Amino acid sequence: MNFLEKVNALLAVDGRTIKYGTMTSETTDPLVTLEVGESMPSIGHLGDRKEVEYRILVVSVYAESYLFGFDLLETLKSELKSAKKDTTRLVHTGDSASEYDKDKQRYIFKANFKIII
C-alpha cells in the first residue's frame, strides 16, 4: 500500500468523497483531494544539518459552504495529527489562505504536511 492509499484509508469515513489530484468536473459536495508535491529546500528544519527537500502532502477541501469546508479541513487535520507517527509520518506545516473558485462555485481550503520518510 503506497503512502496516498494509507492516508486515504485513514481519512475514509462514510459520506466523505476523496480523490487523488485536484477537482475537475465532480459535483460532490464536499470533495476532499490529496496531492503530493515537493517542498522548498529547508536548512536546519526538523533537525537536518544540510539543505533538504521533503515531499509534501496537500489536503484540500472543496465545499459550497464556507463554514462546512473550514470545519471539515480542521477535522481532517486533527485526524492526521492524531494518527500514529509510524503510520503516516506527517508534520503539519501550515494552511493556505482560503479561496473561492467562481467557475466551480466552491470554497477551497488547503492544509500542507511534510512527508517524513
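Close-up 1. At 6% relative accessibility, Arg106 counts as buried (under 20% relative accessible area; exposed is over 50% and partly exposed in between, with a 1.4 Å probe and protein chains only). The model is predicted: local features need pLDDT of at least 70 and side-chain atom pairs pLDDT 80 or more, whereas totals for chains, interfaces and linings use all residues. Residues are numbered from 1 along each chain as its sequence is written, and side-chain values use heavy atoms, without hydrogens and water. Arg106 forms a salt bridge with Asp29, with 3.8 Å between the closest N and O atoms (a side-chain nitrogen of Lys or Arg within 4 Å of a carboxyl oxygen of Asp or Glu). Because Asp29 lies in the loop between β1 and β2 (31-38) and Arg106 in strand β5 (residues 106-115), the pair ties together parts that are 77 residues apart in sequence (helices are DSSP runs of H or I, at least four residues, and strands runs of E, at least two, numbered from the N terminus). Asp29 is partly exposed, at 35%.

**Close-up 2. Lys77 and Asp95.** A salt bridge of 2.6 Å, N to O, joins these side chains. Lys77 belongs to helix α2 and Asp95 to strand β4 (residues 90-101), so the pair ties together parts 18 residues apart in sequence. Lys77 is buried, with a relative accessible area of 5%, while Asp95 is partly exposed at 41%. Elsewhere, salt bridges with shared partners join Asp29, Glu64 and Arg106 into one network.

**Close-up 3. Arg16 and Glu79.** The two side chains meet in a salt bridge at 2.8 Å, N to O. Arg16 lies in the loop between α1 (3-11) and β1 (17-20) and Glu79 in helix α2 (residues 66-82), so parts 63 residues apart in sequence are tied together. Glu79 is partly exposed, at 22% relative accessibility.
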